[in-house]
Amino acid sequence: MVMALTYLTKRKQLTLFPKQVFILGFIAFLCLFSHVSVASATSINAVRMWTAPDHTRLVFDLSQSVQYDLFRLHNPERVVIDIQKTKMNANVSKLDLPDPVLLSIRHGKQSKGTTRIVLDVKAGVSPRSFLLKKAKGKPHRLVIDLTPKQKKVIKSKTQQPKNKHKDIIIAVDAGHGGEDPGAIGPNKLYEKQITLGIAKRLADMINAQAGMQAVLVRNGDYFVKLRNRVKKVRSAGADMMISVHADAVKQRHVQGASVYTLSESGATPDRIAAALAAKENASDLIGGVMPGQEVSDPFIRNILGDMAKRDGLDSSEMFANLILTQLKQGLPVKYGKPKHARFAVLTALEIPSVLVEVDYISNPKRERLLRTKAHQQKLAKAMFTATKSYFTRMGRLHEATPTIHTVHQGDSLWSIAKKYGVSVSSILKLNALKQQALKVGQRLRMPQS
Ligand SMILES: [Zn+2]
């Protein structure tokens, strides 16, 4: 286009008839105009969808920031997004739809280069949107959160004592998720995948233990902002919080686990730990939190100022040591003592809260292992054993308490027996069962293997 312009300009200098000059000038103007408009058109390069239990998030990758309008249309329910001067280069048909709130998505071209995206949604869905600037290797993004109508919780007297046996509640937090993959291994294993795998295994072990109950902070591939993780831990009335992560460094040979607790202000500064905390705290930026609502360091400092909650720090230290003791039995450990830094996710100071970096995903050998169920099970077991010994020391758990298995869909006596390494007949005998048929939700005592 630029070449054609130069050529035409040259010809203009050769022939100076007024009419031709006018036509050439007009063509040159058109060329210039179209050139400018092509350069300024933003493209939507990709779209992703994450389904969380309480909302669905759509993320559009943009080549640059945009101007957009969002509005709703009813009968049928739709959310419409008009993005100015934009081309759609993303394949929206690849999204796994319908989802619990988003039924379908389509797009079309409006006048003046506006791209219109129409989301067919379930009734009562409220949309929220925001733009994210280019950050931490992520492009400019437009985030649309679709929140379904809240189901009214009818509090009846029978529902009130949710935790009537006063079980010990352990919050298990799988790091990252959704937009935020966490660290990425050389063979493309995402930290968010292994953290969820280990967290679920750990939660299963906790739920199988009589007197203990697990709460998973996230149980699928979606993003939960750091502040909401802490909120969820608190609202669950958790007695302890374990946040599961995996680290990555440039040096491929580095391996082993490390355990972190929140530092007190004035503690010996540890630059490596501080850098790690900064990396983990950046999760909000990558995962997508409305600008201005990210966790900032003063927020953490405020919490640290609350000395009434100091006890949580001491017990965190004790629990961190117990985890390290367990990990050292057969698993590589990077730092033999708990380390400290300002992790935003550890700010529920009233309870012992630790962050475990289970290993280095950047080490190809460890990455291969971390992918396996057996290794995830081993890591979960170490954390579980530490949890048990913590509460045993606290006098809240008794060693002899039997293991309980809650029957899930698809369980058979045979599969349960295999899982616990016991015989079918021993389960039948211990639970005084006459028949082999099981009911979902049925609780079975497991014989000691
Ligand atoms: Zn992490």
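## A helix to start with

Which residues in α10 are buried? Here's the list: Gln376, Leu379, Ala380, Ala382, Met383, Phe384, Ala386, Thr387, Lys388 and Tyr390. Keep in mind that you're looking at a predicted model.

Helix α10 covers residues 373–393, which is 21 residues. From its first C-alpha to its last it reaches 30 Å, close to the 30 Å expected at 1.5 Å a residue. Gly395 follows α10, and its phi is positive, near 80°.

## The big picture

Zooming out, the protein has 449 residues, and 35% of them are buried. You'll find 12 helices and 17 strands in it. If you take the contacts with a separation of 6 or more, 73% of them come from residues 24 or more positions apart.

## A six-stranded sheet

Now for the strands. Six of them form an open sheet with mixed pairing, in the order β11-β10-β12-β15-β13-β14. At the edges stand β11 (212–216) and β14 (339–341); each has a single partner strand, so one side of each is left without a neighbour in the sheet. On average, neighbouring strands here are turned by 30° against each other, direction ignored.

What does β14 pair with, and in which sense? Its partner is β13 (residues 258–262), and the two pair in the parallel sense over three bridges. Tyr260 stands opposite Lys339 in β14. Strands in a sheet pair through backbone hydrogen bonds, and they can do so parallel or antiparallel.

In soluble globular proteins, nonpolar side chains tend to be buried together. The largest nonpolar core here has 89 residues, and the members that touch the most others are Ile170, Ala171, Val172, Leu202, Ile323, Val356 and Met383. Helix α3 gives the most to this core, with nine residues. Domain 2 (43–147) and domain 3 (168–393) each supply at least three residues to this core.

Which residues is Ile323 in contact with, leaving aside its neighbours within four places in sequence? They are Val259, Val354, Val356, Ala382, Met383 and Ala386. Ala382, Met383 and Ala386 take us back to α10, where they are buried. There's also a second, separate core of five residues, including Leu413, Ala417, Leu444 and Met446.

Definitions and conventions: Residues numbered from 1 in each chain as written. Predicted model: local features only at pLDDT ≥ 70, side-chain atom pairs only at ≥ 80, totals over all residues. Pairing = 2+ DSSP bridges. Helix = DSSP H or I, 4+ residues; strand = E, 2+ residues; numbered from the N terminus. Axes fitted to C-alpha atoms, helices over the stretch in contact; angles between N-to-C directions. Buried ≥ 20, exposed ≤ 12 C-beta atoms within 10 Å, placed from the backbone. Contact = placed C-beta atoms within 7 Å. Core = buried A, V, L, I, M, F, W, Y, C linked by C-beta atoms within 7 Å. Domains from an automatic or database assignment. Expected span 1.5 Å × (residues − 1).
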